[in-house]
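I opened the model today and went through it place by place. My entries follow.

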Amino acid sequence: MGIHNLARLIADHAPAAMKDNEIKNYFGRKIAIDASMCIYQFLIAVRQDGSQLTNDEGETTSHLMGMFYRTIRMVENGIKPVYVFDGKPPDLKSGELTKRKERRSEAEKELEKAKELGDSANVEKFERRLVRVTAQHNDECKDLLKLMGIPSVTAPSEAEAQCAALVKAGKVYAVGTEDMDALTFGGTVLLRHLTASEARKLPVQEFNLPRVLNGLGLSQDEFVDLCILMGCDYCGSIKGIGPKRAIDLIQKYKSIDEILKNIDTKKHPPPEDWLYREARQLFIKPEVAEAAEIDLKWTEPDEEELIKFMCEQKGFSEDRIKNGIKKLMKGRQGSTQGRLDSFFKVVTPTGPAKRKINDTKGSQKKKPKTGGGSFKKPR
């Protein structure tokens, strides 16, 4: 879920912190990708005749097809992805997980009603709501990535927190996710729509955390409190306080503690036993693996084993997989060689600088020829 309406608030109050980009502009960059978010997108988006893509044994394979081809697309654009998988959710998230379970139960009831009525639009709608990423989905994607030569990391807890830790340590350039709380965890660059940009014809949306803080006039700790006020996965928020009021209050009082002392809590009651301090601590000091100890290695794909896994075990077309492997190999070679014009822009000099260059050219004398004939000293 992330942080409620954070992208919109940044667009309104710190627009200089956002920019749209093309995927090719991240050539040569290492990017930590939220794996579970990607897999979920594949499971709800890749369908045949209204159902999940499956092999002959009835096993769902949408996640594998999506992971294979989108990873190749990133590598073709010179990106070096590392996928980060969720570990155990923090205890504070239990309330949010309970709500999700209740919503799933409600969706199951609505799905049965839609099937009885023959309402195909609502059948698909509620089927999508019931999709969830399983441990098997994750394990299969990890196996696939290993065979493709792409590194993966399993976080001890939240994937976004681990991605942010990799960015802060300089291991990668950015976090690739749709959840805005990667910024709350301190990830300095966040990229939305990265894995879906070409398929959905969307620009990559880049958020720069230092510019966010500068535009909002907040420190990182104050920004964390703002995110909690707006609504996060770890605790409730104050009733009746939306994004605009939240930013005004944080800018004035600097912390939730001071806000609670200065607002009418009868008109705007906070949740009972509000665990905002615990949520704050979780964002500031999340449970992550030490980034310095994580060794990220991109290796040559294992073509033979990749074909066995995708074709013999999972039922994909051998021709398509072999063609994908060729693209993967070619993309790896291109990203290894690098491309200077992705990082440097040639500037044509104008004004005094141009005149100086022209004057220098005009003052140069032709060098005497030294090869072949006799040498004549210039007068």
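**Entry 1: single residues**

I started with K330, which sits in helix 15 (residues 318-337). Helices here are DSSP runs of H or I with at least four residues, strands are runs of E with at least two, and both are numbered from the N terminus. The model is predicted, so I noted the limits: local features need pLDDT of at least 70, side-chain atom pairs count only at pLDDT 80 or more, and totals for chains, interfaces and linings use all residues. Numbering runs from 1 along each chain as its sequence is written, and side-chain values use heavy atoms, with hydrogens and water left out.

Is K330 buried or exposed? K330 is exposed, at 64% relative accessible area. I used these cut-offs: buried is under 20% relative accessible area, exposed is over 50%, and partly exposed is in between (1.4 Å probe, protein chains only). I also checked K330 against I72. The two are 258 residues apart along the chain, yet their C-alpha atoms are separated by 9.8 Å.

Next I looked up D181, in helix 8 (residues 181-184). D181 has a relative accessible area of 1%, so I logged D181 as buried. What does D181 touch, leaving aside neighbours within four places in sequence? I found G2, I3, E160, D233 and F283 in contact with D181. Contact means heavy atoms within 4.5 Å.

Then came Q205, in strand 9 (residues 204-208). Q205 counts as buried because its relative accessibility is 17%. With neighbours within four places set aside, Q205 is in contact with M18, K19, D20, L190, L191, R192 and H193.

**Entry 2: helix 10**

How much of helix 10 (residues 220-230) is covered? Most of the helix is: nine of its 11 residues are buried. I listed E222, F223, V224, D225, L226, C227, I228, L229 and M230 as the buried residues of helix 10. They pack against helix 1 (6-13), helix 8, helix 9 (209-216), helix 11, helix 12 and helix 13. Just after helix 10, I noted a positive phi of about 115° at G231.

**Entry 3: salt bridges**

I counted 12 salt bridges in the structure. The test is a side-chain nitrogen of Lys or Arg within 4 Å of a carboxyl oxygen of Asp or Glu. Side chains of opposite charge can pair when their charged atoms come close.

K24 and E22 form one of them, at 3.9 Å from N to O. K24 is partly exposed at 42% relative accessibility. E22 is partly exposed too, at 47%.

I then took D248 and K244, whose closest N and O atoms are 3.6 Å apart in a salt bridge. Both lie in helix 11 (residues 243-253), four residues apart, about one turn of the helix. An α-helix has 3.6 residues a turn, so residues three or four places apart point the same way. D248 is partly exposed at 35% relative accessible area. K244 is exposed at 59%.

The next pair was R277 and D257, with side chains meeting at 3.4 Å, N to O. Which residues share one network? Salt bridges with shared partners join D225, D257, R277 and R280. I had already logged D225 as buried in helix 10.

**Entry 4: cavities**

I searched the whole structure and found two cavities of 30 Å³ or more. On a 1 Å grid over the protein atoms alone, a cavity is a set of points where a 1.4 Å probe fits but cannot get out, and lining residues have an atom within 4 Å of a point. Points are joined across faces, edges and corners, and the volume is the space filled by probe spheres set on them.

The largest cavity holds about 60 Å³. Among its lining residues I noted I33, D34, M37, E178, L191 and H193. Strand 2 (30-34) and helix 2 (35-45) each give at least two lining residues. Helix 2 supplies the largest share, three residues.

**Entry 5: whole chain**

Of its 379 residues, 45% count as buried.

Technical notes: 1 Å grid on protein atoms, 1.4 Å probe; cavity = no way out; pocket = protein on both sides within 12 Å on 5 of 7 lines; lining within 4 Å.
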